[in-house]
Amino acid sequence: MDDFLGKFFPTVLRKKNEDKDSNYCKYDNHGLQLFTSSLYLAGLTATFFASYTTRRLGRRLTMLIAGVFFLVGVVFNGAAQDLAMLLVGRILLGCGVGFANQAVPLFLSEIAPTRIRGGLNILFQLNVTIGILFANLVNYGTAKIHPWGWRLSLSLAGIPALLLTLGALFVTDTPNSLIERGRLEEGKAVLKKIRGTDNVEPEFNEIVEASRIAQEVKHPFRNLLQRRNRPQLVIAVLLQIFQQFTGINAIMFYAPVLFNTLGFKNDASLYSAVITGAVNVLSTLVSVYSVDRVGRRMLLLEAGVQMFLSQVAVAVVLGIKVTDHSDNLGHGWAIMVVVMVCTFVSSFAWSWGPLGWLIPSETFPLETRSAGQSVTVCVNLLFTFVIAQAFLSMLCHLKYAIFAFFSAWVVVMSLFVLFFLPETKNVPIEEMTERVWKQHWFWKRYMDGDNHHIVDGKITANNGASV
């Protein structure tokens with residue numbers, strides 16, 4: 001918004017209005033990039049503290065802490081008088097993101113029954129996409145209010161912050177978390193309540209046993225580096241890196257510029273935000289429905305092909321049609337680009353978007369789960385930070401080739417999925433080692449000759465017996 005830029009980033013506003021710069025370079029400003037990415041850096045740092053609170057204080061309290069961070073951050077942002085205040089607010093919001101991203105996927109994975117675990121976890125991602133859509137609509141509405149529209153826009157973030165804080169007060173903690181902290185009876189009561197039956201002995205015993213092993217682990221982060229945890233760690237880290245290198249942020253950012261050329265002019269950003277936002281929401285629904293039916297691998301591979309083709313198409317059209325100063329695409333071409341962008345966004349939204357979070361949260365064993373989730377969130381935020389910091393400059397220098405750059409990454413990640421990612425649908429979390437890792441052509445070599453395995457073997461035998 002111009003009022004906002006005028007108050008905090010006057011140089012960007014001047015550049016935007018002078019229009020001497022190339023189409024690709026209007027927003028190339030380090031202060032603006034820092035404002036955007038300070039949130040991710042703060043989230044990254046907060047994740048390490050959040051890992052401790054999820055283990056010691058439970059999933060619920062961690063969500064509550066996140067809510068409080070959000071509320072305070074909103075106050076700072078809405079009332080910001082100068083750049084410093086704005087950055088403080090942004091950093092507090094980042095801390096909220098770190099704590100929430102740590103606790104929410106774990107909370108969902110642990111209360112979900114195995115057969116709908118994937119679908120339930122993706123509802124988290126679905127609500128993120130709905131949030132993005134709402135945020136875009138709020139921005140559109142408040143852009144018309146001068147000169148304090150941006151304050152209203154930033155303050156309205158208080159509503160979801162309040163909902164999260166109140167919600168965290170009302171939910172119960174997960175059985176896994178209660179048992180992990182020694183509150184066995186409470187844990188059993190919660191388990192009966194969420195499963196809707198009194199016959200929870202087998203599952204209860206599994207959690208108690210898994211938690212007993214988790215208690216023996218004094219240094220979860222050091223434990224993550226052990227040989228037998230290598231497969232989960234490598235996959236979790238790579239999925240996060242790949243998720244950012246699909247170029248989703250690039251596409252989402254670049255959409256308004258494309259829609260501008262279509263002749264939507266000032267309302268362009270609304271149209272692009274609403275269209276991509278709606279496509280995002282609908283496609284995530286596809287994923288909720290299909291993830292526990294066709295499986296994780298299938299979705300990732302199919303989407304890889306779709307993302308690759310749509311990005312190459314966009315790169316070619318922009319390369320031929322959009323130069324530095326003229327951005328006249330022509331109606332037909334512009335529509336094709338819009339369709340391609342939507343194709344890309346939809347395939348991302350049913351694959352790398354949600355699965356980048358789901359797969360790590362379901363593959364780590366309980367003793368390293370909290371630490372594993374921390375590393376996952378951390379790597380994700382780190383690379384979101386890298387891309388957010390570099391993207392505007394990359395766009396300025398690489399121009400249309402930025403889409404070719406990302407499509408090359410899509411090929412790399414699809415090959416990785418093809419050869420190294422095992423299918424985890426319908427496998428109970430406690431049985432991953434036996435049924436997934438020990439069966440995989442590559443990862444099984446990390447599973448032998450480890451004395452802890454006798455314990456896992458015993459659990460698996462117990463499971464078998466109890467089943």
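These questions and answers walk through a predicted model of one protein.

Visitor: What percentage of the residues in the protein is buried?
Guide: Buried means under 20% relative accessible area. The protein has 467 residues. Of these, the buried share is 53%.

Visitor: Among contacts between residues at least 6 apart in sequence, what share joins residues at least 24 apart?
Guide: A contact needs heavy atoms within 4.5 Å. Take the pairs at least 6 apart in sequence. Those joining residues at least 24 apart make up 77%.

Visitor: Is Thr368 buried or exposed?
Guide: Thr368 sits in helix α19, residues 366-398. Leaving out residues up to four places away in sequence, Thr368 touches Pro220, Asn223, Leu224 and Asn229. Its relative accessibility is 0%, and the limit for buried is under 20%, so Thr368 is buried.

Visitor: Which residues does Ser38 touch, not counting those up to four places away in sequence?
Guide: Ser38 belongs to helix α3, residues 30-56. Ser38 counts as buried because its relative accessibility is 8%. Beyond those sequence neighbours, the residues Ser38 touches are Leu87, Arg90 and Ile91.

Visitor: Which element gives the largest share of the nonpolar patch?
Guide: This surface patch includes Val305, Phe308, Val411 and Trp441. Together its residues have about 990 Å² of accessible area. Two elements give two or more residues each: α16 (296-321) and α20 (401-420). The largest share is six residues, and the element is α16.

Visitor: Leu415 is part of the nonpolar patch. Is it buried, exposed or partly exposed?
Guide: Leu415 lies in helix α20. Its relative accessible area is 44%. Buried means under 20% and exposed over 50%, so Leu415 is partly exposed.

Notes. Residues numbered from 1 in each chain as written. Predicted model: local features only at pLDDT ≥ 70, side-chain atom pairs only at ≥ 80, totals over all residues. Heavy atoms only, no water. Helix = DSSP H or I, 4+ residues; strand = E, 2+ residues; numbered from the N terminus. Buried < 20%, exposed > 50% of the residue type's maximum accessible area, 1.4 Å probe, protein only. Patch = residues over 30% accessible without salt bridge, like charges linked within 9 Å, V, L, I, M, F, W, Y side chains within 5 Å. Areas by Shrake-Rupley, 256 points an atom, 1.4 Å probe, with all protein chains shown as cover. Salt bridge = Lys/Arg side-chain N within 4 Å of Asp/Glu carboxyl O.
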